Amino acid sequence: MDRVLRIGLLGCGTVGGGVVTLLDRESVDITARTGARLEVTRIGVRDLGKARGRGLPVADDVFGDDLAAIVEDPDVDVIVEVMGGLDPSDRLIRRALELKKPVVTANKELVAHAGPELYEAARAAGVDLAYEAAVAGAIPIIRPLKESLAGDRVTRVVGILNGTTNYILTKMAEEGADYAEVLADAQALGYAEADPTADVGGHDAASKCAILASLAFDTVVHGSDVFREGIEGVTSTDLRVADRLGYVIKLVGIASEVDDKVGARVHPVFLPKEHPLASVRDAFNAVYVEAEAAGQLMFYGRGAGAMPTASAVVGDVIDVARNLLQTARGAAESVHRAKPLRPIEDLQTQYYVLLDVDDQAGVLADVARTFGDHEVSIAQVWQEGAGDSAQLVLITHRAREGDLQDTVRSLAAMANVRSVASVMRVESEVFSS
């Protein structure tokens, strides 16, 4: 008779419910693949009444609100955490590892915040800590970075890591709708939360970018180390200009290593239309990896949602179950090296600058002189008049971020510049460092 592995599930929201559903629906195949029957025997929730009324394929007595008791239960073999947040998830996962129970988590915030400490706790206990679902939902990217590319040198990882922002920017570009209108639509469809700050402000993508940077470059990068800008300031004018120049605007996370220094950033970019990431629309995610031997790789799929994320969680559960049955553990994170972080001021890339200026002779010359004073070279410029005001659109050659920001401050102080309406980075066809 097949062995039974008992799962303690912490959290039973949309993802947790998807995990329960998948494990029940695919139980025959999962048993065949693992040599064990995987049963969810305890589920920890905050609201018992709400959880029990969802019609999931488990008995009501499986649910409980004492999360610590589930972790401590000697009959629970594997802990699966899908609650999110730092507390009490951090404390519960650490305790599970102390008890030598493998852990599967979808908690990107926690892994970005305390990943190295958790990896070490899992290594010391000799059990697995799996977190494929923490980045890009069902897209398999954690395992390739940990295992498939372990013998290669990754130089850059670039990703559309948040489905909400990608959906908003896609609709703004294709339908000409404004930001507020599309955000409301995304909230109505369930793509965005009532408080969308984590998504539109880039916090969600920054956590994922930190995880990818840590894995790709064998160092410690926390979410707070990632330079972050959201999409709140992207306008229809920016999107029209991008389209005219042969670009799309995407919120991307970019992690790279140059001269043994690691840079990690999340912000909107002008992306060439011919680049593979430019065609990623709506709520889809994609991760583009550059490695010295493997070359360019792209991973694409649904990056969020109950079932895609649950699929990644269940895949991890199957892996840790196999290892548990064989008294083994999967590929562990290597010992991290302390590599210095490259400040955003040292970034070298191109820039798009949109200025509202007085429509009078000499303004363009004054603006060009200001760029030159800060050693920022202009590649393209045009002016569009509108009464007594005009807009100047400028694209720079590659320049240092610190020099560009000094330029912007000087422009904002000029008497004939009414406002610096927009500044955005322009990524060339081969991504800049």
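This is a predicted model: local features need pLDDT of at least 70, side-chain atom pairs count only at pLDDT 80 or more; totals for chains, interfaces and linings use all residues.
Pro308, Thr309, Ala310, Ala312, Val313 and Val314 are among them. Further along, the buried residues include Asp316, Val317, Ile318, Val320, Ala321 and Asn323. After H13 comes Thr327. The phi of Thr327 is positive, near 45 degrees.

Now turn to the nonpolar cores. The largest has 81 residues. Within this core, Ile168 and Phe270 touch the most other members. Helix H11, residues 203-217, gives the most to the core: ten residues. A second core of 35 residues is separate. Its members include Cys12 and Leu38, along with Ala310 and Ala312.

What does Ile168 touch, leaving aside residues up to four places away in sequence? The contacts are Tyr179, Val182, Leu183, Ala186, Val200 and Ile231.

Last, the cysteines. Cys12 has a relative accessible area of 10%. Buried means under 20%, so Cys12 is buried. Cys209 has 2% relative accessibility and therefore counts as buried too. A disulfide is a covalent bond between the sulfur atoms of two cysteines. Counting pairs of cysteine sulfur atoms within 2.5 Å gives zero disulfides in this model.

Methods:
Residues are numbered from 1 along each chain as its sequence is written. Side-chain values use heavy atoms; hydrogens and water are left out. Buried means under 20% relative accessible area, exposed over 50%, partly exposed in between (1.4 Å probe, protein chains only). Helices (H or I, at least four residues) and strands (E, at least two) are DSSP runs, numbered from the N terminus. A nonpolar core is a set of buried Ala, Val, Leu, Ile, Met, Phe, Trp, Tyr and Cys residues joined through side-chain atoms within 4.5 Å. Contact means heavy atoms within 4.5 Å.
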